[in-house]
Amino acid sequence: MYSEKVMDHFQNPRNVGEIEHASGVGTVGNAKCGDIMRIYLDIDENQVIRDAKFKTFGCGAAIATSSMATELVKGKTVQEALAVTNKAVMEALDGLPPVKVHCSLLAEEAIHASLWDYAQKNHITIDGLEEPKTDIHEGEELLE
């Protein structure tokens, strides 16, 4: 059901914890399943992500996607991190079961939320970055 990479990132998650005085912190949830993901970024003066950490309350797939997302953004510029999509997270984990795709969406939104926080704190605009959702299902009620 889960790939070896998903199991590895769940059983041995990378970058767990908090960054004190983080450059940006983003928290996103999923009211339907109860998962909550928080990503912390340490960004240098050249807008390069020096470090990324996470705290996630959720299922194994949520923990694995958090772990992989932090691995994918470390060492990248803010603009490159913005381009990390849920599909990139899933591909890096060798896929997720269809019922767990929402976990990769949480990871993408948590990255965006932490970048948004960084931009707000520094009074800058990051091209292509929109105000993040606090819940990945925000706005869906309009579609139903």
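Is Gln 120 buried, exposed or partly exposed, and what relative accessibility does Gln 120 have? Gln 120 has 44% relative accessibility and therefore counts as partly exposed, where buried means under 20% relative accessible area, exposed over 50% and partly exposed in between, with a 1.4 Å probe and protein chains only.

## Basis of the model

This is a predicted model, in which local features need pLDDT of at least 70 and side-chain atom pairs count only at pLDDT 80 or more, while totals for chains, interfaces and linings use all residues. Residues are numbered from 1 along each chain as its sequence is written, and side-chain values use heavy atoms, with hydrogens and water left out.

## The three-stranded sheet

Three strands form an open sheet in the order β1-β2-β3, and their pairing is antiparallel; strands here are DSSP runs of E with at least two residues, helices are runs of H or I with at least four, and both are numbered from the N terminus. Because β1 (24-30) and β3 (49-57) stand at the edges with a single partner strand each, one side of each is left without a neighbour in the sheet. From one strand to the next the twist averages 15°.

Two strands are said to pair if DSSP finds at least two bridges between them. Strand β2 (residues 35-43) pairs with β1 in the antiparallel sense over seven bridges, with Val 28 opposite Met 37 in β2 and Gly 29 opposite Ile 36 in β2. The hairpin of β1 and β2 has four residues between the strands, and in this hairpin Gly 34 takes a positive phi near 90°. Eight bridges join β2 and β3, again in the antiparallel sense, and Leu 41 stands opposite Ala 52 in β3. The hairpin formed by β2 and β3 has five residues between the strands, with Gln 47 in the turn at a positive phi of about 60°. Seven of the nine residues of β2 are buried, so β2 is largely enclosed by the rest of the structure.

Helix α2 lies across β2 and β3 and runs at about 175° to β3, whereas α5 lies across β1 and β2 and runs at about 145° to β1. Axes are lines fitted to C-alpha atoms, for helices over the stretch in contact, and angles run from 0 to 180 degrees between N-to-C directions.

The axes of α2 (residues 60-73) and α5 (residues 101-122) come within 8 Å and cross at roughly 40°. That makes α2 oblique to α5, since angles under 35 degrees count as roughly parallel, over 145 as roughly antiparallel, 65 to 115 as roughly perpendicular and the rest as oblique. In the contact (heavy atoms within 4.5 Å), Ala 61, Ala 62, Thr 65, Ala 69 and Val 73 of α2 meet Cys 103, Ser 104, Ala 107 and Ile 111 of α5. The residues of this contact divide into seven nonpolar, two polar and no charged; Ala, Val, Leu, Ile, Met, Phe, Trp, Tyr, Cys and Pro count as nonpolar, Asp, Glu, Lys and Arg as charged, and the others, Gly among them, as polar.

Asn 30 lies in strand β1 and, at 2% relative accessibility, counts as buried. Not counting residues up to four places away in sequence, Asn 30 touches Asp 35, His 102, Leu 106, Asp 135, Ile 136 and His 137.

Gln 120 is placed in helix α5. Gln 120 and Gly 24 are 96 residues apart in sequence, and their C-alpha atoms are 8.8 Å apart in space.
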